Amino acid sequence: MEDSTQPLLLSTNPSSATTFVAGADDIAPITSPRDFFREFSKESKKLWFLAAPAMFTTLCQYSLGAITQTFAGQLSALDLAAISVENSVIAGFSFGIMLGMGSALETLTGQAFGAGQVDMLGVYLQRSWVILCTTASFLCLLYVFATNILKAIGQTEAISTSAGLFALYMIPQLFAYALNFPMAKFLQAQSKIMVMAVIAGLALVLHVIFSWLFMLKLGWGMVGAAAVLNAAWWFIDICQFIYIISGTCGRAWNGFSMKAFQDLWGFVKLSLASAVMICLEVWYYMALILFAGYLKNAAIAVDALSVCMNILGWTIMASLGMNAAISVRISNELGAGHPRTAKFSLMVAVVSSFCIGVLISAILFFTRNIYPSLFSSNSQVQDLVNQLTPLLSACIIVNNVQPVLSGMAIGAGWQAAVAYVNIVCYYVFGIPLGLLLSYKMGLGVKGIWLGMMSGSAVQTIALTYMIYKTNWNKEASIAEDRIKKWGGQKSYEIVKETIS
């Protein structure tokens, strides 16, 4: 690894005639412990300014589905299993694709904003909307034929039928994803995360109230669950869109433009690379619920895993707040030509996320006899959740660090490379090991989870090695070339001349 604390002389890209020069306000070389702690404190403040509201936002948005499942657990085991399978398999599959394709915008808007090309952000946003809405139209087929798909992959008749019906009710959520993820990346790139937190918090409060009213008080069951969950996501979308077009984003939003339909194929290719990377991660945990459906007493296994996955999901959503923060910091700093700052920011984020993971794991472990009753009234489900808690605690520590490393990869534009890492670690190693431990070794649910967690651990190690070998100077040069490609060579040179 090249020492990025040395004087910065970036290599010239062969396709470019201009040598990239780093910004003058890149972090100074750290030569003493006092320098380290001073810079650590400064960077922590910048990260938490972004991460705290981002964590709150992701927790609130994830809690929409988790709250729905919690109320479903008070209805019946079948309702909980059906909603869990739909959320994990059908909606989870779609969520991975939509979030992944939207992550392409995270790289482009972050680096463009860092380089001062604010005018291009609104065009990028509209291109992403076009691509994601088109994708959502095709994914509707998955919802329409959900019952048959679930039966084909081995789910029970009762669970498949109920989950398939619930999937039809949830089609509006699919299009809400298509609009929401690009808007979230658009606002994140400009560090406008606090408004997202306020909107998400309000949506969650309303969601809890109306879920109780429609699902339990009025007895609408799954129909009420779908109506309230769809309404919550569309409430978030409408509020964010009003904020964007109200003039609060300055030059980043200049109204609708026909430029949104230009260079779509190039944008699609970058979106697909992002989708593959994210999908391989989201589907990996979706498979955990899916394989549990093949075990004896499937409803109990699925319900217990759903409770654990809800908790794991909440902690992952918290770490995704740091993921969003580090992605913004990395993309902004690389776009501005500050590779040393980008590298140091990543280190601060990893340390912070690891400490949070250890704290959450300790709390869960010492309350393992108490918290399962909050999610299910079934004593068998509670006992199985209790048994799975040690694995859940270990998994939380691993998965609190991994999203931060993925955020760095997105900020730097490594989506395609990380996709290959995910294939090997998750699907060549993790899943086969889990199936071996579960079915051949007789460990059941624990075996599936042990294998899956092993795959996550190997993936984290692989990403750590990739980052260790990174030439941060070269990454800054690549960011320059990417901005020229998507924003135009001429406009980029004008911006660079202006800010210098």
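Start at leucine 141: is leucine 141 buried or exposed? Exposed, with a relative accessible area of 51% (buried is under 20%, exposed over 50%, partly exposed in between, with a 1.4 Å probe and protein chains only). Keep in mind that this is a predicted model, where local features need pLDDT of at least 70, side-chain atom pairs count only at pLDDT 80 or more, and totals for chains, interfaces and linings use all residues. Residues are numbered from 1 along each chain as its sequence is written, and side-chain values use heavy atoms, leaving out hydrogens and water.

Next, select Glu39. Glutamate 39 is buried, at 9% relative accessible area. Its side chain meets that of arginine 38 in a salt bridge of 3.3 Å, N to O (a Lys or Arg side-chain nitrogen within 4 Å of an Asp or Glu carboxyl oxygen). Glutamate 39 also has a salt bridge to lysine 42, at 3.8 Å. Lysine 42 is partly exposed, at 42% relative accessibility. Shared partners join Arg38, Glu39 and Lys42 into one network.

Now jump to aspartate 237. What is there around a buried aspartate 237 with no salt bridge? The nearest side chain of opposite charge, lysine 185, is 13 Å away (Lys and Arg count as positive, Asp and Glu as negative; His and chain ends are not counted). Show contacts (heavy atoms within 4.5 Å): leaving aside neighbours within four places in sequence, aspartate 237 touches Ala176, Leu179, Asn180 and Met183.
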